[in-house]
Amino acid sequence: MSLSIPTPQSQPQSVETDRWRLIHSYVTTMGITQHHLRSFNDFVDTTIPSIVQANSVVTSPSNPHFRLIFDSVAVYKPIDPTRTATSINRNILPHECRQRNLSYCSPIVAKIRYRFSKDERLEQRSMVIGYLPIMLRSNRCHLTGMSRLQLAAAQECPDDPGAYFIVKGAEKSLLMAEQMAMNRIILSKNSKGLTEATVASSTTERKSRCSVVLEGRCFYLKHNTFAKRNIPVVVIFKAMGFVNDITILSLVGTDQLFLDYMSLSIQECIGLGIYTQRDALEYLSKNFGARSYTSTKPPLEEARDCLAHFVLSHIPVVEKLSDGSEDVKEEKSTKLPLTQNALPSNAVRFNWLPKAVYLATMLRRAILFDFGIIKGDGKDFVGNKKIETANDLLELVFDDAFKELVSSIAKKVDIRKRTGTQTASSSNLELNKLISPDIITKKFVSAISTGHWNIERFHVSRIGVTQVLSRLSYISALGQVTRLASAFDKEVKSSGPRMLNFSQLGIFCPSDTPEGESVGLVKNLCIMARISTEEDPSAIHQLLLSVGVERLPSCWTGDGLIVNSYIVFLNGSLIGSISKASIGGFFQTLRHLRRRGYLSYMTNFFLNAEHSAVYVNCDAGRACRPLLVVENGRVLLTLRDIELLVLKRKTFVDFVHEGKIEYLDVNEALNAYVAMTPREVTPEHTHCELESYTLLGYVVGLIPYPHHNQSPRNCYQCSMGKQASGAISFNQFERFEAAMFLLDYPQRPLTSTKILKLTGYENLPAGQNATVCVMSYSGFDIEDAIVLNKAAIDRGFGRCSIYRSISEEININKAQPDQLSGPPLDLWLETLEDGEVKRRLNPKHQPYHALDSDGTCAVAAHMQPGDILINKCLATRDERVPSSIPIKSPTETTTYIDKVLLTTTTDNNLLVKVLTREPRRPEVGDKFSSRHGQKGVCGLIVPQTDLPFTAEGIVPDLIMNPHGYPSRMTIAKLLELISNKSGCFRGEQTDATCFRTKDDPSFITELYNSLLQLGFSCSGKDVLYSGSTGDVMPVYIFNGPIFYQKLKHMVKDKIHSRSTGPRMMLTRQPTEGRRAHGGLRMGEMERDCAVSYGASSLLIERFMLASDELLAYTCATCGLFCYEVAGSPWCQMCQTGDAVVKIRIPYATKLMINELFAMGVMLRFELGDCI
């Protein structure tokens, strides 16, 4: 096998060695961010129309003839939001939105039929009801479908992952959220140690939470509707019409175990005097909690409706009609002839059996769990989680915004009717006044720009849902769009949610997680992980009934469910049962239908023998991953399939539709037997991994040989790889970012991985290949510090440029517009010297030296701290004397003006943006890092003449201390040096993909042999000569190239000192922070250290003399503060100045004493010897 990475066009050899081509096809055809893009497309195409359809009719109580109907809705591609005469319906691209601080939004256009009076016909009209921020690279984005050349022409980066929004010029990415799965029974112990079976029900209309708790050997139902107390479960059964105790017991189970657990609950119901359905409904009606609305229904009917539509709301109530058919009524209750003294005829009108069986299933599992027969459901198990993506998060915002729009329309019609301002006939002008697009637009823009999801209607309050897209490096942006956060509070010190779980295999990357309190809570998706979108469950429901599932009423015998059967759940709702004898053929049929394309490939099904249940899921938010299908001990994918893949006659999706690759969610994977490689496949296996490195994320692909590193080192590199200076995008020099750290001479790594080839990182690298010697040198290399070659820095090693953007808006639309003003007229002074007129800069106007006549600084100007970039002038009453508010250079170092942009904003105001460039050269204290989590600062810069060299004259660019290896155990760094050394002379990159050395045992041998053939030692060590004496060094030195990253942490941004400076007015102490030129803080621990040494003079100097020293007059007699009167000290209390002395105290002490005086507490000084 070759040491290098094969190209996608190379000839395939076998399925074993060429499975990686499937992953290349997957990323090429589907993209890295398809989990966000598919969800957003689903939101635009499906969710928005469904929400509009559910609230399509608008009426007015005060005007019964008014009617407004939303027939349909469509979201178009983004247009210019300024809506001027020249920009109406003009398409706008993302780059223009970034530069002009605009939002990349599309109009939401609805077809409306409306009338205002009885005599009018319903007129139809299309109208914009709001603007929706569009996710880049979604099906509504202009960039979708563009070639690389077209993207370059649009000034966009062809390798940009997309999946983020542009709101007010800022790039915002959605953070996926991890929540508990809906409509699933979760068994656990609550905070009191009680057994609890919980279901979080979710439907289109409402979301609720219901629990069955075992307390005092009795079962109770907890629901927020019954806030006064928990309801005994037997009462719930009787309220549903199951008044016979034997029937209730047969629902739960007739084994002695179940009878023993249920006996006390039955006796409790008898003790409450509840025997009939009326008694149970009356009991429920008396235990309603406080409600925010007033009900006009009789109590019994209200209790029945609450039980039908709020308790276990995801189990529908089916109304039995007179013709024997069934009609699902999930929201609207049936109007029955029910009076205060009449019993609701539930047996005739409602079928309570599905809900009763579901409640009995919860009881049955709680009993088995409490007795120890079955295990509880882990809250950290990924199969019990739902991952919320763009569709789930944006649905809450749009649902709330559209309902607010509908209510505002009805409110405006009522106001116009009461005030008599409504026109006699409908008109476009009248309709424009009713529908305000700003309601929906502001909701979206506010939520995405702030990241706060505060929706009172749905009791949702979240922060940090969106984040500013990190552009520190290309890999940092890539990592952010695959990130998700747990709902668990990171401040709670609990290890359970943070630990690796076996169910995360292939779903979440085990290495890409931050350090500190967020470790394990913030995660990143693996390469092939995918989040499911919602499929239509009705078709699957009919399919299940046709392949052996019996409806619940047909399998109900009156004594309980059939013993030899499994209950079947579809998206958590109980739909029927299937016999255990036919379960094998049932699953075989479903797999056959899925692999032939008759069933959606994102539909999953699995058997849980403990629960005696079959679960079929087609809902959204399930984490899935693709696997190769194995039948009869053979992988269905063949070498011919891979050859067609190379010829581009087939893609990854084609193999999914052919049934050779299928997606399994975490639950179905429990029923599968997965082989890691095709050579390990046996007749018992059902699936095979695509590649072993798909168990990692994209960011870990930056690390060569990560399986040879200690695990924390890979985590550190995932963090530091996002902080490395490099190239961020192909259009980086056209961007006006707040801060960009760009490496001047980035290089591709000599050792790469297959994952890096997928991401496009090699086109936008963030590092350089440095020749490294592993040896001790000068003593300045301790504690991971490194020694740099001065000549290497002169050649460009580690050099970077920091770009910063300063912007200012000039309001030119008001009555007295603001303006830009040029430099002062006397900026340059002319003097006559030696008969020649010479110009020199007026020292009085030094900060204006770079200003052009248009009021902005000149490109390429050299700026000092405090120099004026933009000379903005505000209009005053006296137009001849405008008020100047110049925008100054904020940095503390010298910079150069790189670009100046003049454009307009949404309000057609003038926007000025200035991009400054600050070149940086590596210096002592700057931070560097390898790709193995070994970071260190530059400890010394040495002239090349003093550094060791090889016989070929190669001088190291960097020297690291060998003591950095044993404790860190970064064996991969040793392998990288050997691989780079071999690749330099072979002229090709070495393949260092994860598990490469395990999959190919001969790889290391071939690597060593390549060095031996080139005349080097296979150990990577060379003979070096001393740069100082020229003598041969008495030891062999480990020497070769390693890819190093320069991190954004530079000493120039952190070094801080001051002698004197600004102070705070209140306390007279130095200001805090480097930016405010504050003092150097000496905290509590530093104080304790000085106390332990007995350095009292140091403490006085730091805490008083150098801080807020005050010489205060104090009376030795009364101990109070005194003041000067007529130039001499005077004590107001003693009415004399004879005993007044000066004391030296901190001003903060005097401030505290004065504040205590104000509280009525008098402090007096007791003075000893006074001078």
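F398 counts as buried, at 0% relative accessibility. This residue belongs to a predicted model, in which a search of the whole structure finds 22 aromatic pairs. In one of these, F398 and F444 are stacked, with 6.3 Å from centre to centre and 25 degrees between the planes.

**Aromatic pairs**

- F398 lies in helix α13 (residues 390-419) and F444 in helix α15 (residues 438-450), so their pair ties together parts that are 46 residues apart in sequence.
- F444 is likewise buried, with a relative accessible area of 0%.
- The pair of Y705 and F1003 is tilted, because the ring centres are 6.1 Å apart and the planes stand at 55 degrees.
- Y705 lies in the loop between β32 (687-688) and α22 (711-720), and F1003 in helix α27 (residues 1003-1013), so this pair ties together parts that are 298 residues apart in sequence.
- Both Y705 and F1003 are buried.
- Ring pairs also link F398 and F444 into a cluster with F40, F43, F70, F165 and F402.

**Charges over rings**

- K523 lies over the face of F508, at 5.4 Å from the ring centre.
- K935 has its charged end over the ring of Y716, 5.9 Å from the centre of that ring.

**Second largest pocket**

- The second largest pocket has a volume of about 1300 Å³.
- Its lining comprises 42 residues, of which V27, T28, R148, D159 and L758 are the closest to the centre.
- At least two lining residues come from each of α2 (20-30), α3 (34-54), α5 (148-153) and α23 (754-759).
- With six residues, α2 gives the most to this lining.
- By class, the lining has 18 nonpolar, 15 polar and nine charged residues.

Notes
Residues are numbered from 1 along each chain as its sequence is written. This is a predicted model: local features need pLDDT of at least 70, side-chain atom pairs count only at pLDDT 80 or more; totals for chains, interfaces and linings use all residues. Side-chain values use heavy atoms; hydrogens and water are left out. On a 1 Å grid over the protein atoms alone, a cavity is a set of points where a 1.4 Å probe fits but cannot get out, and a pocket is an open set with protein on both sides within 12 Å along at least five of seven lines; lining residues have an atom within 4 Å of a point. Grid points are joined across faces, edges and corners, and a volume is the space filled by probe spheres set on the points. Helices (H or I, at least four residues) and strands (E, at least two) are DSSP runs, numbered from the N terminus. Ala, Val, Leu, Ile, Met, Phe, Trp, Tyr, Cys and Pro count as nonpolar, Asp, Glu, Lys and Arg as charged, and the others, Gly among them, as polar. Rings of Phe, Tyr and Trp (its six-membered ring) pair if their centres lie within 6.5 Å; planes under 30 degrees apart count as stacked, over 60 as edge-to-face and the rest as tilted. Buried means under 20% relative accessible area, exposed over 50%, partly exposed in between (1.4 Å probe, protein chains only). A charge sits over a ring if NZ of Lys or CZ of Arg is within 6 Å of the ring centre and within 35 degrees of the ring normal.
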